[in-house]
Amino acid sequence: MATIVAPLNFSPVEDAEALRKAFEGWGSDEKTIISILGHRYSYQRQQIRKAYEELYQEDLVKRLESELSGDFEKAVYRWILEPADRDAVLAHVAIKSDNKDVIVEISCIYSPEELLAVRRAYHNRYKRSLEEDVAAHTTGDLRRLLVALVSTFRYGGDEINARLANSEADVLHDDIKDKKNHEEVIRILSTRSKSQLIATFNRYRDDHGSSITKHLLGESSDDFRKVLRTAIHCIVDLEKYYEKVLRNVIKKVGTDEDALTRVIVTRAEKDLKDIKELYLKRNSVPLELAVAKDTHGDYKDFLLTLLGKNE
Amino acid sequence: MALPQELEALTQAFSGHGVDEKSLISILGKWHPEETKTFRKGTPHFFIDDERQFERWNDERVRLLKHEFMRFKNAVVLWAMHPWERDARLIKEALKKGAKRHEAYGVIVEIACTRSSEELLGARRAYHSLFDHSIEEDVASYIHGNDRKLLVALVSAYRYEGSKLKDDTAKSEAKTLAGAIKNADKKLIVEDDEVIRILSTRSKHHLKSVYKHYKEISGKHLDEDITDLRLKETVQCLCTPHTYFAKLLDATLKIEVDKNTKKAPTRVIVTRADVDMKEIKNEYHKLFGGSLSNKIEEVANGNYKDFLLTLIARGG
């Protein structure tokens, strides 16, 4: 379930005017910006952008970029873009900074149609395909795996083939033991439907005693195996995955604001509520409290608003 | 018409691509039993002299004839189909045939490389509906040889379709390809990661620029220097599709070709009629002299011939 609190009735024109007022004078009225944008659904935010453009012949996004700064600006920028466009930006940033997790998240958590929308948005924004940039920035097995993951258009049905799950669980087991050739792991993980994969992983655990991710842990900890484990986590239980990301991010000595922003902004309208509940269960501390402790200023206020705080 | 001419005409009606329905009706339909018997005795490749004093149909011939009668029906059904379903079914068929005949995989390369990004995507969607699997998962699990990596990458591509490109990147990638070709005896080029990356992720505009730079570097065209068939087809389909289709039509619009090759003209004409048939016709004329329609007149018969001629005349 979503966490943001937004009204069903709103006026894009009024919001645009209020934002314009917030920009006037020295500095800008961040509280107003947060209280408006932080309480609007995606389709509402796009309407506000349109209204602002029509009223003032200026791109709201560009104005926000110039008025705001730091982590707060980055968060608002990501928040106001359309979801697919936002993910294209996140992917591009991730490729440049060698952050493979984001690529795995987009390709393994999103539905085939959502991934497709991101790829289209990437074409529009960067005049190249997502896969060509991923390929150009990686090598070897890691490249093969990541390019395959972002290129896939998985069958979306629930049907599973039990015999296939059995045989492919064995193939995965053998492939993991043999450290040289990873073709079969890449093939299975990047082409089979999610339902089929979950059946395969269950079969793996039944037949080989341990979950596939535990076995992947046991061996050497190279990037390729790390990405494999991330992909499997994303496919099997995405809320648990996100909870873990948040937990690690908050635990770290310098909070990784990029990751914190990413999770909250991309899930606030989807399942952040469920992730929050999981977080509370796991850490005995509400996510809002942990975030409030680790962040400050407008950035903190914005995140808390997205997390559901209602003034 | 005198008998010898009719015999000739009837044999023609059964040879080539499709059958000449009108001749079959007008000749066979009116012959006396004696004339038909003369026909049977005079065509040893159609009828065998049986020991029990009768001329029997050659079973293999009848089987081939069945394909010829169906050629028009298959063309019509394929033409009426939604392009997405068409491509999905063609790929499935290629996967099934390819186990025994690797040339069939060429159809997968053809579809993956000559369709636009959205058309290929449509084919992938249709494949989900028709076969409950994704194209990439079937390609990956059916194909076990060296071609697998290349083919999975090609069918998964969702290329940028704009014209923006970085010329120095294209130049350096042409050099990379040249290097891979030189090393082809040490490292299998169809599995070379860089080759696959370039050919399966870059936009078509970018690849055409790579093709041009390659010619400048090495003097020959990229596809001429590649011996691996699938890779050669990949480059041709991506960089010079009209030439590829024109040559394919010339090679397959022949009277004596095997039944698998004979399916190509239907596929090419039906799938390109509304896309780039005009350019293919021009290229055909440039390469081979005569017109494509004359070639079709020569080797095809009846309704099938008329249908093909109508399709290639669309759009001028």
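## Largest cavity: make-up of the lining

In this predicted model, the residues lining the largest cavity divide into nine nonpolar, seven polar and 10 charged, where Ala, Val, Leu, Ile, Met, Phe, Trp, Tyr, Cys and Pro count as nonpolar, Asp, Glu, Lys and Arg as charged, and the others, Gly among them, as polar. A cavity is here a set of points, on a 1 Å grid over the protein atoms alone, where a 1.4 Å probe fits but cannot get out, and lining residues have an atom within 4 Å of a point.

## Largest cavity: size and surroundings

This cavity holds about 420 Å³ of space, the volume being that filled by probe spheres set on grid points joined across faces, edges and corners. Of its 26 lining residues, Arg144(A), Ala148(A), Lys149(B), Val152(B) and Ala153(B) are the closest to its centre.

At least two lining residues come from each of helices H9 (130-136), H10 (140-151) and H12 (183-191) of chain A and helices H8 (135-142), H9 (148-156) and H11 (193-201) of chain B, helices being DSSP runs (H or I, at least four residues) numbered from the N terminus. Within chain A, domain 2 (83-151) and domain 3 (162-236) each give at least three residues to this lining, with domain bounds taken from an automatic or database assignment.

## Basis of the values

Residues are numbered from 1 along each chain as its sequence is written, and chains are lettered from A in the order in which they are written. Local features need pLDDT of at least 70 and side-chain atom pairs count only at pLDDT 80 or more, while totals for chains, interfaces and linings use all residues, and side-chain values use heavy atoms, with hydrogens and water left out.

Technical notes:
1 Å grid on protein atoms, 1.4 Å probe; cavity = no way out; pocket = protein on both sides within 12 Å on 5 of 7 lines; lining within 4 Å.
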